[in-house]
Amino acid sequence: MKVILTPKPINFKLGEYINKGFEFLKKDFGNIFVAFLVCCLMSIIPFCSLLAMGNLYKYLQKLNRNQAASPGDIFDFKDFMPYFILQLIVFGGVLVLYIPLFAVLGISGAMLEGSEANPMVGLFAFPYMILIIVAIYYFLLKGFYITPLISLKGIQDIKEAWNISKVMSKGNLISILLFSIVVGILAQIGVIACGIGIFLTIPFLYTANYFAYEDAIQQIEHDEITEIGSKNEF
């Protein structure tokens, strides 16, 4: 069966993803918690944090589909290169955004007379920092689906994954941002339990994201053989 992707804006179901994430975590907490710990362990390896996260989503997909899955599967380096390249692109992009700010601060420092601060620096730095934050969040939201496209659909080309994610997230940036904020807050609830409880609630962040990813992938999957069969019926 050949399945191809037909990129289109996703019908983002915020409440459904949160509910399913909770139910999934509650149903199989032990396995998910162990897999989360393994993910944290792998994230210690340089340049492997995104890879570990992507492999965790693979594990959650197998678990949700009742397929054979082991937390040890998270130590899989098959997708290392696309995630490594993605991290280099992100690092380079952030660096480029900060270069003008560093340049202005450097020039201002060189021209500083005595101990008097240049008020023009503040007039430039503050709005520019706001611009940097907005730009970073914009690209993070537009690239929300890059991780599942790499890990769940095997797309190795970062440019292709970015272009597909841009289409999928079109019209959904506010919903994705709200979803990320709500899930993040719920995942941090464990801090109340003397900080230790955070390890019990943070896995929810991954289960909720998994259902957001899984549903989005299903919405853009196109079964070519099924369509041919449907046409032949007519």
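# A tour from two crossing helices

Start by selecting helices H2 and H10: their axes come within 10 Å and cross at roughly 105°. An angle between 65 and 115 degrees counts as roughly perpendicular, so that is how H2 and H10 sit relative to each other. Keep in mind as you click around that this is a predicted model.

**Where the two helices meet**

Show the side chains of Ile32, Phe33 and Phe36 in H2, then those of Pro203, Tyr206 and Thr207 in H10. These are the residues through which H2 and H10 meet.

**Along H2**

Now stay with H2, residues 29-43. Its end C-alpha atoms are 21 Å apart, which agrees with the 21 Å that its 15 residues should span at 1.5 Å a residue. Next, colour Ile32, Ala35, Phe36, Val38, Cys39 and Met42, the buried residues of this helix. Where around the axis of H2 do they lie? They cover an arc of only 165°, so they are on the same side of H2.

**Over to H10**

Move to H10, residues 203-220, and pick out Gln219. Is Gln219 buried or exposed? Its relative accessible area is 19%, and buried means under 20%, so Gln219 is buried. Leaving aside residues up to four places away in sequence, Gln219 touches Lys8, Ile10, Asn11, Lys13 and Tyr17.

**A cluster of rings**

Time for the aromatics. Select Phe12, Tyr17, Phe36, Tyr57, Phe144, Tyr145, Phe179, Tyr206 and Tyr213, which ring pairs link into a cluster.

Zoom in on one of them, Phe12 and Phe144: the ring centres are 6.4 Å apart and the planes stand at 65°, so the pair is edge-to-face. Phe12 is in the loop between strand E1 (3-5) and helix H1 (14-27), while Phe144 is in the loop between helix H5 (119-142) and helix H6 (146-151). That means the pair ties together parts that are 132 residues apart in sequence. Phe12 is buried, at a relative accessible area of 10%, and Phe144 is buried with 10% as well.

Then jump to another pair, Phe139 and Trp162, with 5.8 Å from centre to centre and 35° between the planes, which makes it tilted. Phe139 belongs to helix H5 and Trp162 to helix H7 (residues 158-168), so this pair too links distant parts of the chain, 23 residues apart. Phe139 is partly exposed at 49% relative accessibility, and Trp162 is partly exposed at 21%.

**Zoom out**

Finally, show the whole chain, with its 11 helices and 2 strands. Following the sequence, you pass through the pattern β-α-α-α-α-α-α-α-α-α-α-β-α. Of the 234 residues, 36% count as buried. And among contacts with a separation of 6 or more, 74% are between residues 24 or more positions apart.

Notes: Residues numbered from 1 in each chain as written. Predicted model: local features only at pLDDT ≥ 70, side-chain atom pairs only at ≥ 80, totals over all residues. Heavy atoms only, no water. Phe/Tyr/Trp six-rings, centres within 6.5 Å; stacked < 30°, edge-to-face > 60°. Helix = DSSP H or I, 4+ residues; strand = E, 2+ residues; numbered from the N terminus. Buried < 20%, exposed > 50% of the residue type's maximum accessible area, 1.4 Å probe, protein only. Contact = heavy atoms within 4.5 Å. Expected span 1.5 Å × (residues − 1). Arc of directions from axis to C-beta. Axes fitted to C-alpha atoms, helices over the stretch in contact; angles between N-to-C directions. Parallel < 35°, antiparallel > 145°, perpendicular 65-115°, else oblique.
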